[in-house]
Amino acid sequence: MALTRDQIKAKRGVMPREPLSVPELGDEPIFISKLSASGRDKFEQMVTGGSVGSVNLDNIRARFLTLVCVDEAGKRLFEDADAEWLGELDSDVVQKIVDKGFALNGINATAVEEAAKN
């Protein structure tokens, strides 16, 4: 028997997430989420600005954090506008979170280059 439309539809918003200990931010872990298809598109839009062959890396780490940092229930911790102040955090702390988010989402330098080409 094949999956039904309703069975597939029920999986919306159910993204795997993993805890990440970031002692520099506090004792409790934060959760890093896998991106949905639309979340991945949003990240690629952030990188390319919507222009083929263009790359916008302005505050990209902090902007990525707004997409992948979630609470235990999977709800985003940050709004898009929070990227401004997130970009003022220690770069090593931010990079630790970015690395986990990239690993969970299969994003690497090649993926960013591909996004710019498409």
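Accessible areas here come from the Shrake-Rupley method with a 1.4 Å probe, and for residues only the protein chains shown count as cover. On that basis the accessible surface of the protein comes to about 7,700 Å², and carbon and sulfur atoms account for 51% of it. The model is a predicted one, in which local features need pLDDT of at least 70 and side-chain atom pairs count only at pLDDT 80 or more, while totals for chains, interfaces and linings use all residues. Residues are numbered from 1 along each chain as its sequence is written, and side-chain values use heavy atoms, with hydrogens and water left out.

The fold contains six helices and three strands, where helices (H or I, at least four residues) and strands (E, at least two) are DSSP runs numbered from the N terminus. Along the sequence these elements follow the pattern α-β-β-α-α-β-α-α-α, and the C-alpha atoms fill a box of roughly 50 × 40 × 25 Å along the principal axes. Taking a contact as heavy atoms within 4.5 Å, 60% of the contacts between residues at least 6 apart in sequence join residues at least 24 apart.

Of the 118 residues in the protein, 32% are buried, a term that means under 20% relative accessible area, with exposed meaning over 50% and partly exposed lying in between (1.4 Å probe, protein chains only). Val47, which lies in helix α2 (residues 37-48), counts as buried because its relative accessibility is 1%. Its C-alpha atom is separated by 9.6 Å from that of Arg63, 16 residues apart along the chain.
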